[in-house]
Amino acid sequence: MPSSIVNVRITESQQQLTIDRPNQGLSVQGRIRVPGDKSISHRALMLGAIAKGETTIEGLLLGEDPRSTARCFQALGAEISPLNEQRVRVRGVGVGELIEPTDILDAGNSGTTMRLMLGILASHPDRFFTVTGDKSLRSRPMSRVVQPLQQMGAQIWGRNGNSLAPLAIQGQSLRPIHYHSPIASAQVKSCILLAALMAQGTTTITEPAVSRDHSERMLKAFGAEITTDPDTKSVMITGPAQLQGQSVIVPGDISSAAFWIVAAAIVPDSDLTIENVGINPTRTGILEALEMMDADIQLENERIVAGEPVADIRVRHSQLKGCTIGGDIIPRLIDEIPILAVAAIFASGQTVISEAAELRVKESDRLAVTATVLNQMGAKITELPDGLEITGGTPLTGTDVESYDDHRIAMSLAIAALNASGTTTIHHAEAAAISYPDFTATLRQVCEEC
Ligand code: S3P
């Protein structure tokens, strides 16, 4: 029985996660919970901040990204109780009532914070805002939200033709539009929906494929006039709207659960249950892809919690086979592609992932980085212009690898290391705290319960 297979070594300048895999006897076992859903946590803080009255949030993710959202909206006038309280309280200002902050708003590493907040800020007449983020966020495209906001009448300035942060926003009275988004992006959709709260009339957003719908569900619960048409992949919202504070219960994040689902699927003799995970159909592409690969996954205790479907997910090891994915499923597993690539390494045959070029503009270029770091461990992954081709069945060997400061890469590497011989050292593994501050503790737990 391994006593301590996971060793965390922390030096002053950087954090490393070192995983020594024993030759035998490792399996992934037990019952665990994952932290709150990141997308829902951002939205609960933001809607709470612009609603009238009090919003309470249970199960909020305490990761760095929601902390960035909370700091920005505190600077904009919302009162937010300490985030580590079991029930976080947000006292909102009312739609259109945010104050002009005296300093730059910093979204840190969080694309969701910056893009959704831009919609809210752009629709605040007579107020001026500046927003920035970390090095990664300052290189990510903002034109995807700046352009539709400009069509609504927004005034936004920034580097590279107003497409890169830092950005300056002079709030305006906006008009409704019908926006045909060229990309399936919940951040783009949500930005426009939030801007439309203050526009007089109905704004429609049509997507090429349906992206996550947490904004639609939560805006409806807070009292907005919003409808969806699945046939045309459109969302309609009518402003001006007033929102009323609500009680939000945040389910566990399926994007965080995905690491453990894949761990249990690939490590022999594993049997793991992840409790209380959000299974909103716009997020369950990872379960469908793994089922196509013959993974042994069962949903137990399915229920609806505060408007979102939730279940316990039981996963047992099985021999996986390769699969081909692309098209409408991609936005439904967009954040899970690095960990899906890890699963594909241990599947027989080839896995081909296409139409996923969006991964190039995430926290890192996740197509390039996933292929690079997993190939350093012995995988056979070819980078495609819009995806990855993975030839399964090649054993992995532990080595020194880099997270590229991308939380999902750091965690995908840790799961790959569970099935690699020898020692894997992940540099800059502290990036995991963006979405999963207790990742290493849970890694220890699932490995030591065997
Ligand atoms: C998110 C939407 C997705 C996802 C991100 C969170 C959200 O981004 O990758 O992690 O909360 O709306 P895109 O909208 O850019 O696809």
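Residues are numbered from 1 along each chain as its sequence is written, and side-chain values use heavy atoms, with hydrogens and water left out. Since this is a predicted model, local features need pLDDT of at least 70 and side-chain atom pairs count only at pLDDT 80 or more, while totals for chains, interfaces and linings use all residues.

**The ligand site**

Let's start with the ligand. Among the residues around it are Lys38, Ser39, Thr112, Gln187, Arg212 and Lys362; to be listed, a residue needs a heavy atom within 4 Å of the molecule.

| Side chain | Distance to a ligand oxygen atom |
|---|---|
| Arg43 | 2.6 Å |
| Ser185 | 2.7 Å |
| Asp335 | 2.6 Å |

On its own, the ligand has 380 Å² of accessible area, and the protein covers 95% of that (areas come from the Shrake-Rupley method with a 1.4 Å probe). Two elements give two or more residues each to the shell around the ligand: α1 (38–50) and α6 (186–196). The top contributor is α1, with three residues. Helices here are DSSP runs of H or I with at least four residues, strands are runs of E with at least two, and both are numbered from the N terminus.

**A four-stranded sheet**

Next comes an open sheet of four strands with mixed pairing, in the order β5-β6-β4-β15. Two strands pair if DSSP finds at least two bridges between them. Since β5 (79–80) and β15 (247–249) are at the edges and have a single partner strand each, one side of each is left without a neighbour in the sheet. The partner of β15 is β4 (residues 52–58), and these two run parallel over three bridges. Within that pairing, Thr56 sits opposite Ser247.

**Around β14**

Now for β14 (residues 234–239), which pairs with β12 (residues 201–206) in the antiparallel sense over six bridges. Thr203 has Ile237 of β14 as its bridge partner. Strand β13 (residues 225–229) is also antiparallel to β14, joined to it by five bridges.

Note on methods
Polar contact = N/O pair within 3.5 Å; in protein donor to acceptor, adjacent residues only side chain to side chain.
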